Amino acid sequence: MDFASQNLTAGQLNAIVKKLGGEQDALRFLRGELVVSTAKPVEMHVWKTVKLGTYKTPDEYRKALKKAGRRIDDWGDDILGRITCSQEEIDLDLVVLSVSDLGFKDGARYADICTKAQELGLELCPAEVGPALRLAYGDQPKGKLLLIAMEAIADRDCDPSIFSAGLGIVGSLLHGTSGHPDRTWNAGFRFVFGRRKYTLDFVSLVF
């Protein structure tokens, strides 16, 4: 791989070095002393594109959600009031992956889920994706809960919290839920991530 032609960010280069086993093994790879074989990449197709910045404040989102018939639970409303909204309209591509898709067949901690996705070239969503997706995803199937992978926000009780979007007997709902780094999520739970321009379909090492 010609790294120089990829226009990779510092974070992506660090992820490559980490994947290769550290700086020494990265140097061995560049010298041709390590052999790599292509591993089957995680499928990271864009699932949906949302527009951020249409609504400039949490209150504008509240009004838009109410007008659209979307509900917000108390926890979700609490953290909604604490988010920062984009002041410019931005399109963001989203990818949905289950905990199992990320390679955690027995479930994983929230911190490990986020780290793994970032190593694959995905990114955590801005918190605004929560209400923006709830508005945009009007045809969500019942029971198909989506968790927003984001930097957790401290709620009124100072507990780290994230958004989730679900459809239940009360209709489309924006929830708040635990974003504690040690919170364990079972393999079937699905998370929403942002997709970067460049992603790493990387390798497994053969020594």
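How many bridges join β4 to strand β12, and in which sense do the two strands run? The legends below take up this question and others for a predicted model, in which local features need pLDDT of at least 70, side-chain atom pairs count only at pLDDT 80 or more, and totals for chains, interfaces and linings use all residues. Residues are numbered from 1 along each chain as its sequence is written, and side-chain values use heavy atoms, with hydrogens and water left out.

View 1. Strand β4 is joined to β12 (residues 190–195) by 5 bridges, and the two run antiparallel; here strands are DSSP runs of E of at least two residues, and helices are runs of H or I of at least four, numbered from the N terminus. Two strands pair if DSSP finds at least two bridges between them. Within this pairing, L94 stands opposite G194 in β12. Strand β4 (residues 90–98) also pairs with β2 (residues 48–52) in the antiparallel sense over 5 bridges, and V50 stands opposite L92 in β4.

View 2. Q140 lies in the loop between α6 (129–136) and β7 (146–148), and it counts as buried because its relative accessibility is 3%, where buried means under 20% relative accessible area, exposed over 50%, and partly exposed in between (1.4 Å probe, protein chains only). Leaving out residues up to four places away in sequence, Q140 touches R134, L145, L146, A165, G166 and L167, a contact meaning heavy atoms within 4.5 Å.
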